[in-house]
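This briefing is for a reader who is new to the structure.

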Amino acid sequence: PLSPRLDCVGPLARSSGDAAALLDPIFARGKKELPLRRATKSSARHGFRLGLPKAFFSEVLSHEVSSAFEEGVRVLREQGAALEPVSIPLLEETESAGNQIAWAEATHCHEQAGWYPGRAADYGEDVLTRLDMGATVPATAYLKAMRLRDSFIEHFHAAMARAKLDALVVPTTPVPAPKIAEETTAVGGTNHPTRALLLRNNRPANLAGLPAISVPCGRTAEGLPVGLQLIGAVMDDALLLRVAQAFELARPLLRPPLA
């Protein structure tokens, strides 16, 4: 266990169709709900309305990830999706709020289990450092982060409803997979903490408990995979999977990266 407010279930699968097959029994969906069916080639062309956030997700982005993501967006447009710019309030605050909640709740979980701090020597240095950080989070900071979480959830759904969007489409991570022990990664000439970079674009959906899925949208010149993330409103899992499957069916149209 890490954080009761942020932990969520989700399969790792070879395709979104396989993810749909796994999620149906996990959710124990009722007969009145939309089944998580696999898409067919006839559904590759679609009329989805997808939002491109104006800020945050594209502010810290490596050139290779940006190029692969834009290629994915091009394919979505060519297959009939309407891409609309959208403003989502409080995105910049999600990273800090998520950290305050995760650090405090993780430390509490490990204290309750009797592992921390009594068995501190059994932890890896990186995990122990974060548990130590969680022990210093003030109650006021935790409560402030929880209030921001509630506000972000409200603003997110209001923005999606106003623009009549089926999902947001954003890069999964700002950089390709880093090397082991790479503590900092340069983006646009500025060094950023690697761990923070890898969490940055996933934190908004994680903080708000929103359904999200990452699907491959190409590779870098070195062959590293790049992900395209789709984020939907709460309870829109079936719709999100249909968008993901439609993109997967059109993926052969992606152009390879320039060497």
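Valine 215 stands opposite leucine 228 in E7. The strands E6 and E7 run antiparallel and are joined by 6 bridges; two strands pair if DSSP finds at least two bridges between them. This is a predicted model, in which local features need pLDDT of at least 70 and side-chain atom pairs count only at pLDDT 80 or more, while totals for chains, interfaces and linings use all residues. Residues are numbered from 1 along each chain as its sequence is written, and side-chain values use heavy atoms, with hydrogens and water left out. Helices (H or I, at least four residues) and strands (E, at least two) are DSSP runs, numbered from the N terminus.

**The sheet**

- An open sheet is formed by 5 strands in the order E2-E1-E3-E7-E6, with mixed pairing.
- Strand E2 (82–86) and strand E6 (212–219) stand at the edges with a single partner strand each, so one side of each has no neighbour in the sheet.
- From one strand to the next, the twist averages 35 degrees.
- Helix H8 (residues 237–250) packs on the sheet and touches strand E1 (49–53), E3, E6 and E7; contact means heavy atoms within 4.5 Å.
- The direction of H8 makes about 10 degrees with that of E6; axes are lines fitted to C-alpha atoms, for helices over the stretch in contact, and angles run from 0 to 180 degrees between N-to-C directions.
- Strand E3 (residues 167–171) pairs with strand E7 (residues 225–231) in the antiparallel sense over 4 bridges.
- Leucine 228 in E7 is the bridge partner of proline 171.

**Hairpins**

- The hairpin of E6 and E7 has 5 residues between the strands, and glycine 223 there takes a positive phi near 90 degrees.
- Strand E4 (residues 184–187) and strand E5 (residues 190–193) run antiparallel, joined by 4 bridges.
- In this pair, valine 187 stands opposite threonine 190 in E5.
- The hairpin of E4 and E5 has 2 residues between the strands, and glycine 188 in the turn has a positive phi of about 60 degrees.

**Helix packing**

- Helix H1 (residues 16–27) packs with H8 at an angle of about 165 degrees, and their axes are 9 Å apart.
- H1 and H8 are therefore roughly antiparallel to each other; angles under 35 degrees count as roughly parallel, over 145 as roughly antiparallel, 65 to 115 as roughly perpendicular and the rest as oblique.
- Among the residues that meet are Ala19, Leu23 and Phe27 in H1, and Leu241 and Ala244 in H8.
- H3 and helix H5 (residues 139–163) pack at an angle of about 130 degrees, with axes 9 Å apart, and are therefore oblique to each other.
- The contact of H3 with H5 includes Ala97, Ile101 and Glu105 in H3, and Tyr142, Met146 and Phe152 in H5.
- Its residues divide into 9 nonpolar, 2 polar and 2 charged; Ala, Val, Leu, Ile, Met, Phe, Trp, Tyr, Cys and Pro count as nonpolar, Asp, Glu, Lys and Arg as charged, and the others, Gly among them, as polar.

**Salt bridges**

- The whole structure holds 8 salt bridges, each a side-chain nitrogen of Lys or Arg within 4 Å of a carboxyl oxygen of Asp or Glu.
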